[in-house]
Amino acid sequence: MTPLTQTPQWPALGAQREALAGRHLNDLFVADPRRFERLSLRCGDLLADFSKQRLTAETLALLVKLAEARDLSGFLRRMASGEAVNATEGRAALHIALRAQRAYRAAGRDVQPEVDATHARMRTLSAAIRSGDWRGSGGERIEAVVNLGIGGSDLGPRMAAQALGEYADPALSVRFVANIDPAEFADTVRDLDPARTLFIVSSKTFTTQETLANARAARAWLGDADPARHFLAVSNNVAAAQAFGIPPENCLAMAEWVGGRFSLWSAIGLPLACSIGINAFDELLAGAREMDEHFLSAPFAENLPVVMALVGLWNIDFLGAESLAVIPYAHRLGLLPAYLQQLEMESNGKRVTLENREVGCATAPILWGMAGSVGQHAFHQIFYQGTRLTPIDFIVPVGAAGPEQEALVANALAQSAALMKGKSPEEAKAQLLAAGKSMAEAERLAPHLACPGNQPSSTLLMPALTPRALGNLVALYEHKVAVQGCLWGVNSFDQWGVEYGKQMARDILPKMLSGEGEFDASTAGLLAAIRAMRNA
């Protein structure tokens, strides 16, 4: 396939950038009063407004042609048919099958029976735990479920459990431990009763270092309790789980064709199902399925994940944006940026294409953010007067009318509008004069109040933060990532860099404990300093 930067659309998009370079977003709105209508899309419970992005309908049309030139249609067809689009690991990437109501095939095999069987186990187990039928080894009712996982086995269900806290069973506390630092485990179980606590060990291979360390800590904390009554496992390594003390009937499988960061919808979602109930979990799946069906059928120019991906590529590769800020104006979505960090940066933080070439352009942005309006008092200053272009995704559950909710929504809209509009030095001077400053003082201070504006942002609205709306939202970002990976030509479904770091840690650990081994000068110096600190 022709490298991305050598397609005919690439220089045409470069020319678009030059043509728009001197035009402010304010000018684009004046030139096209129907800009919001032309650059907004809907799917399910989501409305996405791209009108505050630095592009025009012509830009978007060129981006769509770029997607066509990269055979995006073929990629979607291959992914949905269960082909091994994760080519470096020889696996399908068929997470859409986890929420489907039709058959999908991987490696020529219908995966629906497997999906249905796992879902049935989740239904049975979550119902038994929530109803009190599942008892600890002393006969006590389970009052706390603690998920032990990391990365995709932690971030998705942790984020969703907080996001859907309104739906949680108040009689059951669902918590998460990921860090190998024993402080997180200690803090998480401090107020829990071992006799009334159930652990879920989430590790596909049952070899993940951090997860197994926390599982051992959990077993020690439980004392003499029967592991069969206090442990479940989500793992394909039933033998290893059984050796740990978890019987096979307490193990739920995780399909090989599902990557960790795309696995919320699988048995990895068991702690979430325990928290909100399987019916609400099914609504989450339904919301994702709604986005899947739109994604696989809508024309690219009307396809919400595709347009979102194209806008992101435009910002990264043509406007030079290095990061993407995600600001959800909902306290319960506070963990969404952390979840999306793994989804975007682990998926597309790559420099080599599937054809073993350098990509030739920037790929995944550095993703960051936190819940609004708290972030306004922390980092929004850099949006207004900083020197970097920082695209922003504002995510706004509208909610019912009321003073506090109206103030929250008003803050979100005001931020996106002010960052677009800006404040000229003349406007700043007039504001200072109106406040009673002298002309000399107004002229001195005006440059410090002026904001250039023209900061691009997208706004995603949803009526309320429901399981269905969250399913829409998460599937939207999943598909956006897959589209961008296709366009850049990278494999969005592996993470060999992460594996290298894990291998290095495993190599260093025994040598660190023994005090032997050869290292680079920096690592050797740090190890010597660590030993000195411990000896002191």
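User: Which residue follows helix 5, with a phi that is positive?
Analyst: This is a predicted model, in which local features need pLDDT of at least 70 and side-chain atom pairs count only at pLDDT 80 or more, while totals for chains, interfaces and linings use all residues. Residues are numbered from 1 along each chain as its sequence is written, and side-chain values use heavy atoms, with hydrogens and water left out. Helices (H or I, at least four residues) and strands (E, at least two) are DSSP runs numbered from the N terminus. After helix 5 comes a residue whose phi is positive, near 85°, and that residue is Gly82.

User: Which elements are included in what covers the buried residues of helix 5?
Analyst: Buried means under 20% relative accessible area, against over 50% for exposed and in between for partly exposed, with a 1.4 Å probe and protein chains only. In helix 5 the buried residues are Leu72, Gly74, Phe75, Leu76, Met79 and Ala80. The cover over these buried residues includes helix 4 (57-69), helix 13 (278-297), helix 14 (304-317) and helix 20.

User: How much space lies in the second largest pocket?
Analyst: On a 1 Å grid over the protein atoms alone, a pocket is an open set of points with protein on both sides within 12 Å along at least five of seven lines, a cavity is a set where a 1.4 Å probe fits but cannot get out, and lining residues have an atom within 4 Å of a point. Points are joined across faces, edges and corners, and a volume is the space filled by probe spheres set on them. The second largest pocket has 25 lining residues, with Met1, Arg70, Leu354, Cys486 and Gly489 nearest its centre. The space in this second largest pocket comes to about 430 Å³.

User: Which helix gives the largest share of the lining of the second largest pocket?
Analyst: Two helices, helix 5 (72-80) and helix 20 (467-488), each supply at least two residues of this lining. The largest share, 3 residues, comes from helix 20.

User: How much space lies in the largest pocket?
Analyst: The lining of the largest pocket divides into 11 nonpolar, 17 polar and 10 charged residues, where Ala, Val, Leu, Ile, Met, Phe, Trp, Tyr, Cys and Pro count as nonpolar, Asp, Glu, Lys and Arg as charged, and the others, Gly among them, as polar. Helix 9 (209-222), helix 15 (336-348) and helix 21 (496-514) each supply at least two residues of the lining, and the largest share, 7 residues, comes from helix 21. The space in the largest pocket is about 980 Å³.

User: Which element gives the most to the lining of the largest cavity?
Analyst: The structure holds 1 cavity of 30 Å³ or more, and about 150 Å³ of space lies in the largest cavity. Of the 17 residues that line it, Gly312, Asn315, Leu324, Pro391 and Lys480 lie nearest its centre. Two or more lining residues come from each of helix 14, strand 10 (323-328), strand 12 (392-397) and helix 20. With 5 residues, the element that gives the most is helix 14.

User: How far apart in sequence are the parts that the pair of Phe185 and Phe199 ties together?
Analyst: Rings of Phe, Tyr and Trp (its six-membered ring) pair if their centres lie within 6.5 Å, and planes under 30 degrees apart count as stacked, over 60 as edge-to-face and the rest as tilted. Phe185 and Phe199 are stacked, at 6.1 Å centre to centre with 20° between the planes, and both are buried. Phe185 lies in helix 8 and Phe199 in strand 7, so the parts that the pair ties together are separated in sequence by 14 residues.

User: Over which ring does the charged end of Arg219 sit?
Analyst: A charge sits over a ring if NZ of Lys or CZ of Arg is within 6 Å of the ring centre and within 35 degrees of the ring normal. Ring pairs link Phe185, Phe199, Phe206, Trp221, Phe231 and Phe244 into a cluster. At 4.1 Å from the ring centre, the charged end of Arg219 sits over Phe244.

User: How far apart in space are Ile129 and Cys274, C-alpha to C-alpha?
Analyst: Ile129 lies in helix 6 (residues 112-131) and is buried, with a relative accessible area of 1%. Beyond its neighbours within four places in sequence, Ile129 is in contact, meaning heavy atoms within 4.5 Å, with residues including Trp134, Leu172 and Cys274. Although Ile129 and Cys274 are 145 residues apart in sequence, their C-alpha to C-alpha distance is 7.0 Å.
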